[in-house]
Amino acid sequence: MKAATPTLLGVVGVLLLALPLRLGAGVVPTPLLPLIIVFFWSVYGPSYLPAGSVFLIGLLQDMLTGGPLGLWPAVYLVTQYIVISQRSYFLGREQKVVWIGFAFAATGAALILWLVMSLMSGVLLPVGALLAQMATTVLTYPLFNFGFAHLQRRVIVEA
Amino acid sequence: MEVLGQDRREGLGRRADSRVTLLTLFFVSVLLLLSSLYSAEASVFRKARETVVDAAAPALALFAGPINAVQGAVGDIRDYFNVLKQNEALRQENAELRQWMNEALALRETVASYEMLHAYYAPPAVRPINAIVIGESNDAFSHSMLVNVGSDEGVSHGQAVIDPSGLVGRIVDVGKAASRILLLTDVQSRVPVYIEGADVEGLLVGRTKARPAVTFTKSSEPVIFEPGQRVLTSGAGGVLPRGLPVGVVAEDRKGEAIVELYANYARTRLVRVLNYKFPTVEPDEVATPSDGAAQPEASSSSASPSNEETRTVQPTPQAVTPVTPASAAAPRPVRTEEEALPEEVED
């Protein structure tokens, strides 16, 4: 049951993305918590967040936010693939380095999102809102990283 | 639940296996994406969406309440600091609105007398369905909201959604107890509108930015409009009622009218779904006027559809919600006016 925690957290992250949170009177976009979760567990415990879970989390997000089906699973799975392939670099590094790594991952995800959505809608979409959301996600990453690290060390692995 | 990770940890041989799974699922996603590009409205996809929306609705509704309470409290605190300024602004607005009220009352009398004179057919009444926003897509490109009413309450695909300030969007997915509103700012949103006073019709196209644009069909003559003119739904296509207030023209950008929406999506909470059946032109229906004293031929007015917009304003609080005048854009032998007011009062 404890091994399913990352997956459940991912589902919670998707629900947060579907709630009318309107942080800062609608000015601050909601951080992409599922992206943080996918990144974190791809680095520190890929076995706890299998590709099937990532796929389901992404699909749920597509269905709840009304985007084209398959978009978010693709983004999350690419992120997971790349991060797992770079895992040996991240393990044991300083948190700052991991944070920069996450910033790169978020930029990559944003680029894929923008390309796919622009292709699908036939126009070059404005990037402002996307960049703002990615910036919020990157800025809040250390906070979640701290929480997840505790969870992973004290609860999940100790099981 | 064990399958989510615990047993995957055992055995190093699993590693290559999980990579294959990842790549397979990635290709499945890409396939899904490609197929939704060509058949976004396919019944399988829609059914899946509606099922998920329905399933998630109770959870979303559970959290939406406390979120709203917190937002209300934060709003109260903010209001506390500028209460004087707000009072002054409200007093001014109130004085202005009183003038409008008097003008509206006078106009109501005039309209009523015209209705006695001309052939008048009561349009189909709008039955508003009150709803609370329980979800909102916090996504850079998909702009939609979820409301706590569905097909059980009579919501169906394509219906207009308004709030006290104006048009919010239209219904795109309908579950049993929850539905999705596609907002006007979504890149997929297309709403037929006209610009009041400019006599031009166009399409309000979402661009994922806060202000959508009205695009006009290409013609040799330039379309003339001015900032400050109102933008209303035109009813073309027979989906949304005619005359719902959408916003005002903010600026002219390369021949497109950038529209400042009346709806403020950061505050949208209580909305009404308009259960509206567009009047269809059927010969025998036209021959039966609802007002017995009228002759069908008496009113075959030559006014262009965009000019015959009639609105009724009542000095009661519910008149704050947009009234929904509608007349079919198609040429008809008889003029149809609309003055149906939502009967229910929003709490």
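Trainee: How many of the six residues of strand β12 (residues 270-275) of chain B are buried?

Mentor: Five of the six residues in strand β12 of chain B are buried, so this strand is mostly covered. Buried means under 20% relative accessible area, exposed means over 50%, and partly exposed lies in between (1.4 Å probe, protein chains only). The model is predicted, so local features need pLDDT of at least 70 and side-chain atom pairs pLDDT 80 or more, whereas totals for chains, interfaces and linings use all residues. Residues are numbered from 1 along each chain as written, chains are lettered from A and ligands numbered from 1 in written order, and side-chain values use heavy atoms, without hydrogens or water.

Let us turn to the partners of this strand. Strands (E, at least two residues) and helices (H or I, at least four) are DSSP runs, numbered from the N terminus. Two strands pair if DSSP finds at least two bridges between them. Strand β1 (residues 127-136) of chain B pairs with β12(B) in the antiparallel sense, over six bridges. Within that pairing, I132(B) has L270(B) of β12(B) as its bridge partner. Strand β3 (residues 160-163) of chain B also runs antiparallel to β12(B), and three bridges join them. There, I162(B) stands opposite R272(B) of β12(B).

E196(B) is partly exposed, with a relative accessibility of 27%. R230(B) also counts as partly exposed, at 22%.

R253(B) and E251(B) form another salt bridge, in which the closest N and O atoms are 3.1 Å apart. The relative accessible area of R253(B) is 33%, so R253(B) is partly exposed; E251(B), with 26%, is partly exposed as well. Salt bridges with shared partners connect R211(B), E251(B), R253(B) and E260(B) into one network.

The backbone of chain B deserves a remark too. T208(B) is not a glycine, yet it has a positive phi of about 65 degrees. Most residues other than glycine have a negative phi. T208(B) is found in the loop between β7 and β8 (213-215) of chain B. With a relative accessible area of 7%, T208(B) is buried.

For context, consider chain A. Chain A has eight helices and zero strands, and its pattern along the sequence reads α-α-α-α-α-α-α-α. The radius of gyration of chain A is 15 Å, close to the 15 Å that the globule rule gives for 159 residues, so chain A is as compact as a globular protein of that length. That radius is taken over C-alpha atoms, and the rule is 2.2 Å times the number of residues to the power 0.38. The C-alpha trace of chain A spans about 50 × 30 × 30 Å along its principal axes. Of its 159 residues, 55% count as buried. A contact means heavy atoms within 4.5 Å. Among the contacts in chain A between residues at least 6 apart in sequence, 71% join residues at least 24 apart.

I82(A) is placed in helix α5 (residues 71-85) of chain A. Its relative accessibility of 46% makes I82(A) partly exposed. I82(A) and W41(A) are separated by 41 residues in sequence, and by 13 Å in space from C-alpha to C-alpha.

Terms used:
A salt bridge is a side-chain nitrogen of Lys or Arg within 4 Å of a carboxyl oxygen of Asp or Glu.
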